[in-house]
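Subject: Structure handover

Hello,

Here is the structure you asked about. My notes on it follow below.

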Amino acid sequence: MQEKYIDETKQGEAFAIAERPENSKKLFLESYGCQMNFSDSEIVASILNEQGYNTTMKVEEADLILLNTCSIREKAEQTVRMRLSQFKNLKKEKPNMTVGVLGCMAERLKTKFLEEEQLVDLVVGPDAYRDLPNLLKETNDGRDAINVILSKEETYADINPVRLGGNGVTAFVTITRGCDNMCTFCVVPFTRGRERSRDPHSIIEECKDLANSGYKEITLLGQNVDSYLWYGGGPKKDFAKASEMQKATAVNFAQLLDLVAKAVPEMRIRFSTSNPQDMSLDVFRMMAKHDNICKYVHLPVQSGSNNMLAAMNRQHTREEYLELIRKAKEIVPEVAFSQDMIVGFCNESEEDHQDTLSLMREVEYDYGYMFAYSERPGTPAHKKMEDNIPADVKQRRLAEVIALQGELSRKRMQSYVGRVHQILIEGTSKKNENQWKGRNSQNAVCVFDKLEGQQIGDIVDIFVYDNTQGTLLGKITE
């Protein structure tokens, strides 16, 4: 996760799970974009596993190819279209093979996919995965199939996701779906629908199952986890209509954190993504209360300028954001923050850009995800605002933001040097097979030499003696 920016041009990730001997068909499933998409792919794999499909890492073996797509930026969509074009020859060789598009891009483009991409047989939105068995019967009968209906209720709470790939140590647990925030630049409310929360009992049971299966860390996942609110089901916007009993027994995100931390005390707990206007100080109080809640928050701000925040409909000001950060550090002094930042939004002035740089210096983020603004069809910004910042200005501002974050990342990593950290071993270092890699509570990656008897999933005390911009260098304490 600790990258300076996300490479949106890279190919998606394919995963495979253990085969069921009775299954005769092959599924090639590739995911793009955010953690929610990867979590959704696990739900899809679970549903299709029951329909006779084993997963495969070899696309040429597949009876069914599914791409779980992202619409957050234009480059992400271009990457998917390029990937689809690579299947054309394979489709000619295997005319009975089914090719489907899932997720946000399917929801945004709907029937256009069937018209524009001649090899696509199946288009399924994020709330329609339960309908996959019926849709596949349609394609088997020679008809194109589509279901992109958004739901106000669907949370897939009763489906036990299979775990695709991964390290067997860390896992995602989805707690909310959809988003009500309506940021003017964002397609998520249109591709994933209204915000709704999942039954806390099903969340706790999934966390317990993961603990019993040997997992050591979970990330509670949603477009906006801080807005979690369970009052018996239904969209958050309808909470005002709930009964007095429902309101009295409702569970918010801080309370859910408390429940999960107590239910699986041996597991580390993370969460993502947070939104400043919805984040309660009670979340930080729970972080301080429970040792197993990691001291790290991904808290997107998008801009340091009040002008831009208003234009983006972010529903908070620069001052409110900084005050939240200040109070959080009082409650949890060791807390770390990361950011999302968009540069070059409509009408962004040089002063607005400097406000972003000054906010970054004040917060001192550990790392961030930084992008030049790209217009997304259907969003309020696309409909009502002019994308009027020249490309060269966007790129120059982006370079300045990335360079500053590099300085801040080095400074933050340096602050961890000379101390002992508890590191969860997640796997072997990519650069050195004789070293482990893992993360501390603040989500900083650490590498250190392997010793006999250690294994993935162990939590070890590591003395950090040096750092690079994004990595801590450590050794086992004696």
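A charge is said to sit over a ring if NZ of Lys or CZ of Arg is within 6 Å of the ring centre and within 35 degrees of the ring normal. K450 and W436 make such an arrangement: the charged end of K450 sits over the ring of W436, 4.5 Å from its centre.

Some ground rules before the rest. This is a predicted model, in which local features need pLDDT of at least 70 and side-chain atom pairs count only at pLDDT 80 or more, while totals for chains, interfaces and linings use all residues. Residues are numbered from 1 along each chain as its sequence is written, and side-chain values use heavy atoms, with hydrogens and water left out.

Salt bridges

Side chains of opposite charge can pair when their charged atoms come close. Counting a salt bridge as a side-chain nitrogen of Lys or Arg within 4 Å of a carboxyl oxygen of Asp or Glu, the structure holds 32 of them.

One of these joins R108 to E77, with N to O at 2.7 Å. Helices here are DSSP runs of H or I with at least four residues, strands are runs of E with at least two, and both are numbered from the N terminus. For accessibility, buried means under 20% relative accessible area, exposed means over 50%, and partly exposed is in between (1.4 Å probe, protein chains only). By that scale E77 is buried, at 7%, and R108 is partly exposed, at 23%.

A second salt bridge is formed by E217 and R439, whose closest N and O atoms are 2.6 Å apart. E217 lies in strand 11 (residues 217-221) and R439 in strand 19 (residues 435-439), so the pair ties together parts that are 222 residues apart in sequence. E217 is buried at 1% relative accessible area, and R439 is buried at 11%.

E364 and K411 also meet through their side chains, at 2.5 Å from N to O. E364 sits in the loop between helix 14 (350-363) and strand 17 (367-372), K411 is in helix 16 (residues 391-415), and the two are 47 residues apart. E364 is partly exposed, with 27% relative accessibility.

There is also a network of salt bridges, which links D40, D127, R177, R192 and R196.

Aromatic rings

Rings of Phe, Tyr and Trp (its six-membered ring) pair if their centres lie within 6.5 Å; planes under 30 degrees apart count as stacked, over 60 as edge-to-face and the rest as tilted. The whole structure contains seven aromatic pairs. Among them is Y231 with F239, an edge-to-face pair with 5.2 Å between centres and 65° between planes. Y231 is buried at 9% relative accessibility, whereas F239 is partly exposed at 22%.

F284 and F337 make a tilted pair, because their ring centres are 6.2 Å apart and their planes stand at 55°. F284 is in helix 11 (residues 281-289) and F337 in strand 16 (residues 336-343), so the pair ties together parts that are 53 residues apart in sequence. Both F284 and F337 are buried. Elsewhere, F185, F345 and Y373 form one aromatic cluster.

Helix 8

The expected span of a helix is 1.5 Å times one less than its number of residues. Helix 8 (residues 200-212) has 13 residues and should span 18 Å, which agrees with the 18 Å between its end C-alpha atoms. Its buried residues are P200, S202, I203, I204, E206, C207 and L210. They pack (contact: heavy atoms within 4.5 Å) against strand 8 (170-174), strand 11, strand 12 (229-230), strand 13 (251-252) and helix 10 (253-263). After helix 8 comes G214, with a positive phi near 100°.

Around S272

S272 is in strand 14 (residues 268-272) and is buried at 8% relative accessibility. Beyond its neighbours within four places in sequence, S272 is in contact with Q35, T219, L220, L221, G222, V225 and H298. Of these, Q35 is found in helix 1 (residues 35-49) and is partly exposed at 21% relative accessible area. The C-alpha atoms of Q35 and T219 are separated by 9.8 Å, although the two residues are 184 residues apart along the chain.

Regards
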